[in-house]
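Here is a friendly walk through a protein model for someone meeting it for the first time. Have the 3D view open as you read.

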Amino acid sequence: DLTRPPIHIDGYRVVVRTGVCQTPESLGDVGLAMDTIHDFAEQARIADLDVSLFPECFLQGYLVTEPHVRDQALGLGSPRLTSVLARLAGSRQTLALGMIERHRGPYHNTALVIAGGKALGTYRKTHPTSGESLFAPGDTCPVFEHASVRFGINICYDTPFSPAAAAVAAGGAQLILVPAQNMMRRDRAFWWQERHNRSGSGGSARPAGGWTPPTSTANAASSE
């Protein structure tokens with residue numbers, strides 16, 4: 001899914017080619033997730049993309065149970081995440097990668113922004129759902145930059161709340177990336193995809209002046 005936002009900077013039209021990655025699920029298998037990331041990175045290279053957006057909690061798989069979150073959560077400075085970043089050093093795109101993070105004790109539903117194998121920063125979901133009580137809400141809305149275009153992130157259920165989009169817009173974001181997880185089998189996931197996008201992320205971004213390409217994922221069982 002390739003998109004071209006009409007962003008203008010100092011009177012010039014700047015195109016950021018964004019790849020919205022619709023992936024299979026890989027619960028508890030970071031190695032398999034990394035293989036998927038590399039497959040999409042190669043597609044992105046061929047398509048000459050600038051930014052690749054992966055789903056919510058994609059790296060370890062979206063499963064909000066205490067054993068899964070406890071065993072799979074990664075800290076930013078952990079050896080396992082350092083290894084993940086090293087494997088991404090050859091990617092030319094900026095990546096927004098959903099992950100389960102442990103930060104100073106609490107767990108977070110996090111989007112990690114990566115460029116050249118380096119972590120540029122994180123956005124932690126500010127509005128976890130009632131089923132995500134294991135995740136502490138984030139309290140910051142950082143803004144990142146690629147090719148002079150500033151972008152922020154909202155994650156899935158953040159999008160019905162206009163202050164979430166307004167916070168990144170206030171930081172100068174011209175583009176809002178929205179990783180999501182629909183928890184549906186593939187046939188239902190694709191049927192709901194555009195409906196989810198219209199009812200959620202598009203509605204919150206427009207009042208904030210942002211432009212939003214969302215992404216979601218089907219479950220592994222969806223191919224059956």
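This report goes from the overall layout to the cores, then to a helix pair and a few individual residues.

## The big picture

First things first: this is a predicted model. The protein chain folds into six helices and 12 strands. Of its 224 residues, 51% are buried.

Let's head inside. The largest nonpolar core has 19 residues, and Ile37, Phe54 and Leu59 are the ones with the most contacts inside it. Four elements each supply at least two residues of this core: the helices α1 (30-47) and α3 (79-87), plus the strands β6 (94-102) and β7 (107-115). Which of them gives the most? That is α1, with five residues.

Setting aside neighbours within four places in sequence, Ile37 is in contact with Phe54, Phe58, Leu88, Leu95 and Leu97. Apart from this core lies another one, made of 16 residues, and Leu53, Phe151, Ile155 and Leu175 are among them.

## How α1 and α3 pack

The axes of α1 and α3 are 11 Å apart and meet at an angle of about 20 degrees. Angles under 35 degrees count as roughly parallel, so α1 runs roughly parallel to α3. Their crossing is right-handed.

Who does the touching? On the α1 side the contact is made by Val30, Gly31, Met34, Asp35 and His38, and on the α3 side by Arg80, Val84 and Arg87. Sorted by class, that contact has three nonpolar, two polar and three charged residues.

## Leu49, tucked into a loop

Leu49 lies in the loop between α1 and β5 (51-53). Is Leu49 buried or exposed? Its relative accessible area is 4%, and buried means under 20%, so Leu49 counts as buried.

Thr94 is 45 residues away along the chain, yet the C-alpha atoms of Leu49 and Thr94 are separated by 9.1 Å.

## Around strand β10

Next stop: strand β10 (residues 149-153), where you will find Gly152. Gly152 is buried, because its relative accessible area is 0% and the cut-off is under 20%. What does Gly152 touch? Leaving aside neighbours within four places in sequence, Gly152 is in contact with Pro142, Val168, Ala173, Leu175, Ile176 and Leu177. Ala169, 17 residues from Gly152 in sequence, sits 7.7 Å from it, C-alpha to C-alpha.

Then there is Ala170, found in helix α4. At 70% relative accessibility, Ala170 is over the 50% cut-off and so counts as exposed.

Last, a bit of backbone geometry. Most residues other than glycine have a negative phi. Ser148 lies in the loop between β9 (144-146) and β10. Is it buried, exposed or partly exposed? With a relative accessible area of 47%, Ser148 is partly exposed. Val16 is 132 residues from Ser148 in sequence, but their C-alpha atoms are 9.6 Å apart.

Cys156 has a positive phi too, near 40 degrees, and is likewise a residue other than glycine. Where is Cys156? In the loop between β10 and α4 (162-170). Its relative accessibility is 15%, which puts Cys156 under the 20% cut-off, so Cys156 counts as buried.

Methods. Residues are numbered from 1 along each chain as its sequence is written. This is a predicted model: local features need pLDDT of at least 70, side-chain atom pairs count only at pLDDT 80 or more; totals for chains, interfaces and linings use all residues. Side-chain values use heavy atoms; hydrogens and water are left out. A nonpolar core is a set of buried Ala, Val, Leu, Ile, Met, Phe, Trp, Tyr and Cys residues joined through side-chain atoms within 4.5 Å. Buried means under 20% relative accessible area, exposed over 50%, partly exposed in between (1.4 Å probe, protein chains only). Contact means heavy atoms within 4.5 Å. Axes are lines fitted to C-alpha atoms, for helices over the stretch in contact, and angles run from 0 to 180 degrees between N-to-C directions. Angles under 35 degrees count as roughly parallel, over 145 as roughly antiparallel, 65 to 115 as roughly perpendicular and the rest as oblique. A crossing is left-handed if the near helix is turned anticlockwise from the far one by less than a right angle, and right-handed if clockwise. Ala, Val, Leu, Ile, Met, Phe, Trp, Tyr, Cys and Pro count as nonpolar, Asp, Glu, Lys and Arg as charged, and the others, Gly among them, as polar.
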